Amino acid sequence: MGLSVIARMTDNQEWLTIAQSRAESVMSAGYGLYTTTMGRATLALVAVGKGDIAAADALYTELASVPGFMVFYVNTDRILGLLAVTLERLDQAESHFEDALAFNRKAGYRPDLAWTCHDYADALLKRGKSGDHEKATSLLDESLAISQELDMRPLMERVLSRREILKA
């Protein structure tokens, strides 16, 4: 799982392939709920990173049974949101990201909160409904504040890039 998170942060396709191979090995071993969920979450991030619609659809269904579950510091609601974006179900993505925001704020999981804000903003910008641009801007501001405070450089760079695009 950790490798898929890092691969997503750095857009490293080679690491996605390695993460996929390791997750498939774990899944075939038939461990318990946590390990199975970790394997599914890893494969979900790989599917998102590769834009694999078929895998995203299957994994969305599998992970929908464990909302609000933290797997290697990533909330499954955020992963469900990312899968929904990959599947172009942007209204569903909004619901998952809202759940992830609420969970992370309540639990104090600030790194995942910062990434959730970023990912949610991307989904809103992709959807483009009335009010989405303003909400995305607010989410990016929150993500930037957290990422600067926690020195999350890859996320800071992404957020600053998105903000520049919004200003154009």
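Before anything else, a word on terms: helices here are DSSP runs of H or I with at least four residues, strands are runs of E with at least two, and both are numbered from the N terminus. With that in place, I can start at the end of helix α7, where Gly-128, just after the helix, takes a positive phi of about 75°.

Please keep in mind that this is a predicted model, in which local features need pLDDT of at least 70 and side-chain atom pairs count only at pLDDT 80 or more, while totals for chains, interfaces and linings use all residues. Residues are numbered from 1 along each chain as its sequence is written, and side-chain values use heavy atoms, with hydrogens and water left out.

Let me give the overall picture. The protein has nine helices and two strands, and along the sequence they come in the pattern α-α-α-α-β-β-α-α-α-α-α. Of the 168 residues in the protein, 45% are buried, where buried means under 20% relative accessible area, exposed means over 50%, and partly exposed is what lies in between, with a 1.4 Å probe and protein chains only. If we take contacts, meaning heavy atoms within 4.5 Å, between residues at least 6 apart in sequence, then 56% of them join residues at least 24 apart.

On the α7 side the contact includes Ala-114, Cys-117 and His-118, and on the α8 side the residues include Leu-139, Leu-140 and Ser-143. By class, this contact of α7 with α8 has eleven nonpolar, four polar and six charged residues, with Ala, Val, Leu, Ile, Met, Phe, Trp, Tyr, Cys and Pro counted as nonpolar, Asp, Glu, Lys and Arg as charged, and the others, Gly among them, as polar.

Ser-143 is buried, with a relative accessible area of 0%, and, neighbours within four places in sequence aside, it is in contact with Ala-114, Cys-117, His-118, Leu-155 and Val-159.

Turning to another partner of α7, helix α5 packs against α7 at an angle of about 20°, with the axes 10 Å apart, and the pair is therefore roughly parallel. In this contact, Arg-78, Leu-82 and Val-85 in α5 meet Asp-112, Trp-115, Thr-116, Asp-119, Ala-123 and Lys-126 in α7, and these residues divide into four nonpolar, one polar and four charged. Thr-116, which lies in α7, is buried with a relative accessible area of 0%, and, not counting residues up to four places away in sequence, Thr-116 touches Arg-78, Phe-97, Ala-100, Leu-101 and Asn-104.

The C-alpha atoms of His-96 and Leu-82 are separated by 8.7 Å, the two residues being 14 apart along the chain.

I will end with two loop residues. Glu-88 sits in the loop between α5, residues 76-86, and α6, and its phi is near 60°, a positive value in a residue other than glycine; at 61% relative accessibility, Glu-88 counts as exposed. Asp-151, in the loop between α8 and α9, residues 153-167, likewise has a positive phi, near 55°, but at 45% relative accessibility Asp-151 counts as partly exposed.

Terms used:
Axes fitted to C-alpha atoms, helices over the stretch in contact; angles between N-to-C directions. Parallel < 35°, antiparallel > 145°, perpendicular 65-115°, else oblique.
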